[in-house]
Amino acid sequence: MSLPVSRHAILLAGLLLLLAACASSQPEQPATGVFQHEITGTAAPWTHSAFDDETGKYTFALFSDLTGGEREGIFNVAIAQLNLLRPEFIANVGDLIEGGTTDNDLLAEEWGSFDQRAGNARAPVFYTGGNHDLTNPDMWQVFEQRYGRLYYHFIYKDTLFLVLDTEDNTPEFQREISDIRDEALRRIDKEGWDVLPETEYGKLTERKSGRVSAAQAAYFRDVIARNPHVRWTFVLMHKPAWERPNEENFATVEKALEGRPYTVFYGHVHSYLYQQRHGRDYIRLATTGGVQDADKDLSIDHVTLVTVSDSGVDIANLRLSGIFDRNGKIPAGGENLCFEAAVCGEEK
């Protein structure tokens, strides 16, 4: 037998249902913490909640050589991809223009083209001079007029950056190197790149290794001494200065860096190489549009992402062929470009 239900009980039940409906339709309150959820108990559909959000963590990017016969479109793709990746700033290891001339009008055109394309980056771009950028003393003056300094340093979020000039010869010797280089290039134009080792320039020490003067080394030793407690130091240069026979000046910079964490990035050879020296990483970047040699290992177009935090440094190299946008396409027309000569068969 069912019991009679009072009118008051019915009204109360209806009111409770109405209140529940109103409550469920109300928007949730604004989140006040970094991570909110409604899971209770010890079981949860994630591994842990120790998020990788260290205070002071940041990421910067690097790109490498554009020259030796820049391959059209590659650098524009790299800039578009870096805009997707959102580093806080972008640096490089030199050889930004073809250079090798004393024609100021041509240099203005080449630097203007590079500046315009680099200016499309969302993040600021820091310049390093390479042998194509600083081929002769006339080009040194152009670089200084446009960008202020051939070598310099800066600090970002308690991280020290040393940007070296590895064409730091006397003006007279630099002109001699430039003349020898021009002669070799004339022969290469006729006979191809395979003839380079036979030329005087091909046998020259300065073709393979850079030079840092005593004055430049003293500048960087002073910078290092004035910044003893930075959490990391990055050294950016174009040619490997330490590969010169009986090299003494850069060795004093390395000595000054002893006892602190640092990483060296350089370029020039157009193929990627990882080495350790003095227990530190010395990394040669490949290309971001420069001429490639299919016979060299890791002769590829890539950008490098470096993440710095209080716990250390992480380095990730990204092939341009593998960075695509939300549409599944490589941006800036990259679908139609070759990023690795050994894969797509382009000649060096």
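Modeller: What follows goes through the labels in turn, and the model they describe is a predicted one.

Colleague: How many helices and strands does the protein have?

Modeller: The protein has nine helices and 10 strands. One of the strands is E4, residues 159–163, and Thr159 lies in it.

Colleague: Is Thr159 buried or exposed, and how do you know?

Modeller: The relative accessible area of Thr159 is 0%. Buried means under 20%, so Thr159 counts as buried.

Colleague: What does Thr159 touch, leaving out residues up to four places away in sequence?

Modeller: Thr159 touches Tyr58, Phe154, Arg231, Trp232, Phe234 and Val308. What makes each of these a contact is a pair of heavy atoms within 4.5 Å.

Colleague: How much of the protein is buried?

Modeller: Of the 348 residues, 45% are buried. As for the surface, the accessible area of the protein is about 18,700 Å², and carbon and sulfur atoms hold 51% of that.

Colleague: Which cysteines are joined by a disulfide, and what makes the pair a disulfide?

Modeller: The pair is Cys338 and Cys344, with an S to S distance of 1.6 Å. The cut-off is 2.5 Å between the cysteine sulfur atoms, so the pair qualifies as a disulfide. A search of the whole structure finds one disulfide.

Colleague: Why is Cys338 called buried?

Modeller: Cys338 has a relative accessible area of 9%. That value falls under the 20% limit, so Cys338 is buried.

Colleague: And why is Cys344 called partly exposed?

Modeller: The relative accessibility of Cys344 is 41%. Buried needs under 20% and exposed needs over 50%; 41% is in between, so Cys344 counts as partly exposed.

Colleague: How much space lies in the largest pocket?

Modeller: The largest pocket holds about 870 Å³ of space. Its lining has 31 residues, and the closest to the centre are Trp193, Leu196, Arg207, His268 and Lys296.

Colleague: Which elements give two or more residues to that lining?

Modeller: They are helix H5 (171–191) and helix H6 (205–208). H5 gives the most, with five residues.

Colleague: How do the lining residues of the largest pocket divide into nonpolar, polar and charged?

Modeller: There are 11 nonpolar, eight polar and 12 charged residues in the lining.

Colleague: Which share of contacts between residues at least 6 apart in sequence joins residues at least 24 apart?

Modeller: In this protein, that share is 71%.

Technical notes. Residues are numbered from 1 along each chain as its sequence is written. This is a predicted model: local features need pLDDT of at least 70, side-chain atom pairs count only at pLDDT 80 or more; totals for chains, interfaces and linings use all residues. Side-chain values use heavy atoms; hydrogens and water are left out. Helices (H or I, at least four residues) and strands (E, at least two) are DSSP runs, numbered from the N terminus. Buried means under 20% relative accessible area, exposed over 50%, partly exposed in between (1.4 Å probe, protein chains only). On a 1 Å grid over the protein atoms alone, a cavity is a set of points where a 1.4 Å probe fits but cannot get out, and a pocket is an open set with protein on both sides within 12 Å along at least five of seven lines; lining residues have an atom within 4 Å of a point. Grid points are joined across faces, edges and corners, and a volume is the space filled by probe spheres set on the points. Ala, Val, Leu, Ile, Met, Phe, Trp, Tyr, Cys and Pro count as nonpolar, Asp, Glu, Lys and Arg as charged, and the others, Gly among them, as polar. Accessible areas come from the Shrake-Rupley method with a 1.4 Å probe; for residues, only the protein chains shown count as cover.
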